[in-house]
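Hello,

Here is the structure I promised to pass on. Please open it beside this email and follow along.

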Amino acid sequence: PEPLHTIVKGTITVADSLDDSGDYSGIGISIITRDSTNALADTLYSVQTDAKGDFEGAVQFPDKRYYNLFISRNGTDLGSLGVILADEDTLTVNAELPEINKTVTLQSHEHEAMKTYVRVDRSFQRVQAFVRNGAIPDSQILDEVKKWSDLYWQVYQKYDHTIAAYLAAEKSANLLNNFYPKKMISRIDSALPEDYMISVALRLGKPYIAEAKGFEAASAYLDSLAEISTSETAREVVERDKIKMYFDSSRVKEAKTLLTNYEKHYDEKPSSKKWARRIRYDLNYLAPGVPAPDFSFITMDGDTVNNERLKGSTYILEISPLANREYQNDYDRTLIIHQIYKNYGLKIF
């Protein structure tokens, strides 16, 4: 995509207790980005202050998000900040050394929106604490949910097209999920097709559509998300989700067809190839009706368990990190299933 542009400017001074010369020149300001965790840093912006501590310059950057801004002097990094860069926005940074984090102010449309969102969110967290402590009667909880959902939505409407706006839209939709699902879908639709809201639609909208209208409607919903997506990345996320949905619904043949089309479309991206290899293994070897792969492990009691020793018996083998949320949510149900069917020979590992 074409690079985005913004102006970054401001003033960095030094406390008199540290330097009373009044010359604040030579303080370095740089903004970097990394394509991945282990990738080398790419410098997007680098400038030094003049004698008054002022600086200003244009920045090109790949997409709207948080970036690391570093402040240095005489070759030594003195502090770093998270700053939002957005197209055609102007970011003003003011701070005083050495207490950068205590004195810094960040001014831009994006940062103003984020301050508003954080203020609303902190207030809601306090209300949540009151609810957990029983300070709010059950009869008022629904009214509180609707009220705070509307407050988050006001942030979205006031600061449309900002990062904070889409975080607020997500919170608004999430609050409506269990109580007012049709209104939730309406708000998600209003905030589309921003990439972030595509992910919200997958997480909140798709499950509701599937439950209320069935599998085919959910599949059509994913197709509509892919069609309106404005970026290749968002479209790819939707296509992956559709493949996994078909697989999870035991429609393995259709999932394989979708995966073949996916591999043709994204055959030049290493990350896409890696994902496709992983899901194809699952489709080929872990689909319903396929013999389980060989396995062997030792129980907490020291017994060796493998597929040969279990042949002829009925068993469930579940492999999951203990921290996995889905595993935790299903654990009590798994225990109940075992209690009911253990007398019929069911084993669960």
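A strand here is a DSSP run of E that is at least two residues long, and strands are numbered from the N terminus. Keep in mind that the model is predicted.

Start with Thr33. It lies in strand β2, which covers residues 27–33. Is Thr33 buried or exposed? The cut-off for buried is under 20% relative accessible area. Thr33 has 6%, so it counts as buried. Its side chain also makes a polar contact with the side chain of Arg65, at 2.6 Å.

Next, the sheet. Four strands form it, in the order β4-β1-β7-β8. The sheet is open, and its pairing is mixed. Which strands stand at the edges? They are β4 (54–61) and β8 (105–107). Each has a single partner strand, so one side of each has no neighbour in the sheet. From one strand to the next, the twist averages 20 degrees.

Look at one pair in that sheet. Strand β1 (residues 4–14) and β4 run antiparallel, joined by eight bridges. Lys9 stands opposite Glu56 in β4.

Last, helix α7, residues 215–228. It has 14 residues, and at 1.5 Å a residue it should span 20 Å. Its end C-alpha atoms are 20 Å apart, which agrees. Which residues of α7 are buried? They are Phe215, Ala218, Ser219, Tyr221, Leu222, Leu225 and Ala226. These residues cover an arc of only 155 degrees around the axis, which puts them on the same side of α7. What covers them includes α5 (181–191), α6 (195–213) and α8 (232–248).

Best wishes

Note on methods
Residues are numbered from 1 along each chain as its sequence is written. This is a predicted model: local features need pLDDT of at least 70, side-chain atom pairs count only at pLDDT 80 or more; totals for chains, interfaces and linings use all residues. Side-chain values use heavy atoms; hydrogens and water are left out. Two strands pair if DSSP finds at least two bridges between them. Axes are lines fitted to C-alpha atoms, for helices over the stretch in contact, and angles run from 0 to 180 degrees between N-to-C directions. Buried means under 20% relative accessible area, exposed over 50%, partly exposed in between (1.4 Å probe, protein chains only). A polar contact is a pair of N or O atoms within 3.5 Å; within protein, one must be able to donate a hydrogen and the other to accept it, and residues adjacent in sequence count only if both atoms are side-chain atoms. The expected span of a helix is 1.5 Å times one less than its number of residues. The arc is that of the directions from the helix axis to the C-beta atoms. Contact means heavy atoms within 4.5 Å.
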